[in-house]
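I opened the model to look up the ligand site and the pocket around it. My notes follow.

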Amino acid sequence: MPSIISGKKVLIGVTAGIAAYKIASLVRLFIKSGAEVKVVMTPAAKDFVTPLTLSTLSKNPVHSSFYNEEDENAEWNNHVELGLWADFMIIAPATANTLSKMATGNSDNLLLATYLSAKCSVYFAPAMDLDMYKHPSTAATFQKLQSFGDIMIPSESGELASGLIGQGRMAEPATIIDFIEKDILGKLPLKGQKVLITAGPTYEAIDPVRFIGNHSSGRMGIELAKAAANLGAEVSLVLGPSSLKVDHNSIRVIPVVSAEMMYNEVVGLYDTCDIAISSAAVADYRPKNVANQKIKKSDKSFVIELERTTDILKWMGANKKNQFLVGFALETQNEEENAKNKLVKKNLDLIVLNSLNDKGAGFKSQTNKVSLINHKLEIKAFELKTKAEVAIDIFNEINHLRDA
Ligand code: CTP
């Protein structure tokens, strides 16, 4: 499974401590985890590790001043842009000097100005000698920075550069990565939440070799499952016959074939879930009698009597306790009115409206164009997007409505 850090933009601020040599390996580990890395350094940090090493490993230029003094065409190194670029910043090693400047708003170098401009989470990994670490002034600095919302990655005990033994060593690069991963995972908006999703078509048997089905690929529901899992949820995906593969540690796939099988699985899972999303294209009818043997053709026309399947979503609406319930409506005419009626009739909190009149929306495509209608019957219309992006929009709306 990819690391939660994969795809993240990481800004590393290096200050002048002996542990700066370990930042080469920290940069490598971030890159290996799939992150994009940029480095800023204090001028003095360049005595401990070269910008060339860090720019080579990070595949990005490394800056330590507001402009490059040796280059007469030098451009301004924009600390605001750097701060806004990052998903998170980590100051490592963080010396007592830099930490105290961060705590007092001093910005006499590029790293400090970038820290003050950053709107993202900031981690700091202190590195100093044990008496400096223990000093009340340092403790007050740690406290002040934490009161700003900065996150401290505690130093480790061991032999220090001075030869003394005690706390003050910068956490090892692997420990830093592990700490940040756990911190991000622990703060995900759906951490500890159970999400139930139905997806794909259902097949209703006519005889042992034939069925009534539909063209649903299951893609929209699978993307919803992935989006929920990436937000920290534990996902149960009740999936009708689909050729798509699902591979995610936090998604339990429960394969089903017919509407009845899907209903039985949903009944077992519904009570304990926090959010339920019904994206499956469930057959509304099934053959009343299923032949035991393959039906032989004759010269006469052939009639199959159909009976209604259980409306699974309607059952969920009728049995709703604290669940947040989301349904889909695929419409070809009077779209908004039909979708609103379904939302009310099935006791939903949100309905996702697909119109088959929109190009690029619907069953077989990789894209979708949806409108979201909430319980107050307010509508938000979205552009044509990939189904993965639509899934993120849907969860943003769910989280927003649940927080309201
Ligand atoms: N649904 C369900 N169980 C069924 C049928 C539908 O859970 N037996 C769910 C779908 O997953 C979807 C929503 O209900 O979330 C669709 O509502 P529905 O009223 O069935 O719409 P259509 O299937 O489009 O049917 P129609 O417009 O003909 O009423």
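**Ligand shell**

I find that β17 gives the most to the shell around the ligand, with 3 residues; strands are DSSP runs of E, at least two residues, and helices are runs of H or I, at least four, numbered from the N terminus. The model is predicted, so I note the limits: local features need pLDDT of at least 70, side-chain atom pairs count only at pLDDT 80 or more, and totals for chains, interfaces and linings use all residues. Residues are numbered from 1 along each chain as its sequence is written, and side-chain values use heavy atoms, without hydrogens and water.

I count 15 residues around the ligand, with S278, A280, L313, F328 and K342 the closest (a residue is near if one of its heavy atoms lies within 4 Å). Both α11 (312–318) and β17 (324–331) supply at least two residues of this shell.

**Polar contacts**

I looked for N or O atom pairs within 3.5 Å. A backbone N or O atom of T310 is 2.9 Å from a ligand nitrogen atom, and one of I312 is 3.0 Å from a ligand nitrogen atom. K346 places a polar side-chain atom 3.0 Å from a ligand oxygen atom. Alone, the ligand exposes 580 Å², and the protein buries 75% of that (Shrake-Rupley method, 1.4 Å probe).

**Pocket**

I checked where the ligand sits: its space is the largest pocket (more than half of its atoms lie within 2 Å of the grid points). On a 1 Å grid over protein atoms alone, a pocket is an open set of points where a 1.4 Å probe fits, with protein on both sides within 12 Å along at least five of seven lines; lining residues have an atom within 4 Å of a point. I list 38 lining residues, with A280, A281, V282, F328 and L330 nearest the centre.

How values were computed. A polar contact is a pair of N or O atoms within 3.5 Å; within protein, one must be able to donate a hydrogen and the other to accept it, and residues adjacent in sequence count only if both atoms are side-chain atoms.
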